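Hi everyone, thanks for making time for this. I'd like to walk you through one structure today, so please have it open while I talk.

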Amino acid sequence: MPHERPSVATVTPPARPTAQEVAKPGVRLAAVAAIACVAQFMVVLDSSIVNVALPSMKAGLGLSVTAQQWVVNGYLITFGGLLLLASRAGDLFGRRRVFQTGLTVFAAASLVGGLAQDGWMLLAARLLQGAGAGALAPSSLSLITASHTEPAARTRAMTWWGVAASSAGAAGIVLGGLLTASLSWRWVMLVNVPIGAGLLAVSLACLRPSGPSGPASDGGEYGTGRRVDLPGAVTITLSAAAIVYGVSIAPDHGWGSAEVLALLIGGLVLLAAFVAIERRAAEPLIPPAVFALHNVRIGNVLTLCLGVVIMAPLFFLSLYLQQVLGHSALRTGLSLLPMAAVLSVGVLVSQRLIPVIGPRRLVVGGALVAAGGLVWLARLPADPGYVSGILLPTLVVGAGTSLMMMPAIVAATAGVAPRDAGVASGLINMCRQLSGALGLAALVTVASTVTRHSGAGGAAAVVEGYRVAFYAIAAISVASAPLALLLRKAGR
């Protein structure tokens, strides 16, 4: 009889993978975790490292204000929009293959961006960089969830992955300032090339070229006949791009303009199309079994809030320190260095507090602490003292957001079958990156509108817009507190 492909409903779930099926013989789990953490640090780093270099990029390439924003948002959109496609591809065809492909694209795009001679070339490189990051980020977390099968070991590895993710945003500001001041803005892109090459070599040496479960190799039996949902990936990416672009141009064109309305309505239509495609797809980007898990849904909504609360303050602080206070890129980076340290330490502390306090209380406390720091930042004077105006409030914000990170990650991966580890990782990263892009676009619009209609002039009007933005971010942080109360205890 001819071989018949089994229906999706009759496919037997693959067995739980072991460390030996992810790492080559003799390679320790610590090596797999280190590869995953370095990759995650690198991709999150690039969502913020360009912030302090934006003024230099503007001067060197003649970028407009909108183009400056898209140096940040272009990366976030392709990053977030392609996460689900890449994560599902990793589950179906092999995590190492997707990981290394993303790493190669990321490093090559960084090289092109660092050598860019025109604004369009830089923006194209950032879009391509985001696509590579979209493959790297979910693969990095799924490498941990697939290889660390013992709960305590998995928790430790995920904690360090969380440290890498949470500290990279602030560290990007610091490293961006150092590179821009000591070398040039081009090195905020070029620095990824040697790191990417080294990481690629290590991954080739340490990771086994196997499929997501069992002995099937990349492109082998596991992947035969399996498909990824390309229509779904295209629609969700275009939806995000249309909505973010529509929000970003609203201050200049007006919210009621035909162009803005067309973009926003088109984005919503594409989002509805994505939902319809997912319901009918044989291999949907988000398997129903994943999103049917209560804590996965709540954990990802919390991550949506975290994306804004982590990314947006760094963007506005970078502009405030450089364009209002006149600080150099180096001084801006050093000013935010303590926040990066608190973010790293806070994630480690939260991992120990989860079994003592519980994830719900930890998120509620962290959300309120972060909101308090953001309200403090919203009192920005035109010429603040560093300790009272910048250092202390950023430490408070860093401490609060770091306490929220691990409970959200744990919730968003709890109960997910090993075969769907990649897509669960993709959901977390997509929520964080797209919410950061959408939130930043909306907040820039709010700040610009307030500045434009302010009775004050010059820097005072700009600061007034930033204050309103910080209050809005604080409100988002507060809103995440009642969401955390919806989390259920394990087994419920």
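Let's begin with the overall make-up: how many helices and how many strands does the secondary structure of the chain come to? The answer is 18 helices and zero strands. Helices here are DSSP runs of H or I with at least four residues, strands are runs of E with at least two, and both are numbered from the N terminus.

A word on the source before we go further. This is a predicted model, where local features need pLDDT of at least 70 and side-chain atom pairs count only at pLDDT 80 or more, while totals for chains, interfaces and linings use all residues. Residues are numbered from 1 along each chain as its sequence is written, and side-chain values use heavy atoms, with hydrogens and water left out.

Now the chain as a whole. It has 492 residues, and 57% of them count as buried. Buried means under 20% relative accessible area, exposed means over 50%, and partly exposed is in between, using a 1.4 Å probe and protein chains only. As for contacts, meaning heavy atoms within 4.5 Å, look at those between residues at least 6 apart in sequence: 83% of them join residues at least 24 apart.

Let me take you to helix 12, residues 294-324. This helix has 31 residues and reaches 45 Å from its first C-alpha to its last, close to the 45 Å expected at 1.5 Å a residue. That expected span is 1.5 Å times one less than the number of residues. Is helix 12 mostly covered or mostly uncovered? Mostly covered: 27 of its 31 residues are buried. Just after helix 12, G326 takes a positive phi of about 75°.

A cavity is found on a 1 Å grid over the protein atoms alone, as a set of points where a 1.4 Å probe fits but cannot get out, and its lining residues have an atom within 4 Å of a point. Grid points are joined across faces, edges and corners, and the volume is the space filled by probe spheres set on the points. The structure holds three cavities of 30 Å³ or more, and about 90 Å³ of space lies in the largest cavity. Its lining has 13 residues, and S47, S48, N51, V72 and M311 lie nearest the centre. Helix 3 (65-93), helix 12 and helix 17 (421-452) are the elements that give two or more residues to that lining.

Let's stay with S48 for a moment. S48 sits in the loop between helix 1 (29-45) and helix 2 (54-61), and at 3% relative accessibility S48 counts as buried. S48 and V174 are 126 residues apart in sequence, with 9.6 Å between their C-alpha atoms.

Next, two threonines. T401 is in helix 16 (residues 386-413) and is buried, with a relative accessible area of 2%. What lies 3.0 Å from a polar atom of the T401 side chain? The backbone oxygen of V397. A polar contact is a pair of N or O atoms within 3.5 Å; within protein, one must be able to donate a hydrogen and the other to accept it, and residues adjacent in sequence count only if both atoms are side-chain atoms. Leaving out residues up to four places away in sequence, T401 touches L306, V309, I310, L343, G366 and A370.

T159 lies in helix 6 (residues 151-182) and is buried too, with a relative accessible area of 2%. The C-alpha atoms of T159 and I409 are 9.2 Å apart, although 250 residues separate the two along the chain. With residues up to four places away set aside, T159 touches V347, L348, Q351 and M406.

One more side chain: S335, in helix 13 (residues 329-335). S335 is buried at 7% relative accessibility, and a polar atom of the S335 side chain lies 2.7 Å from the backbone oxygen of R331. Again not counting residues up to four places away, S335 touches L321, H327 and Y386.

Finally, cysteines. Counting a disulfide as a pair of cysteine sulfur atoms within 2.5 Å, we get zero disulfides. C37 is buried, with a relative accessible area of 13%, and C206 is buried at 14%.

Key. On a 1 Å grid over the protein atoms alone, a cavity is a set of points where a 1.4 Å probe fits but cannot get out, and a pocket is an open set with protein on both sides within 12 Å along at least five of seven lines; lining residues have an atom within 4 Å of a point.
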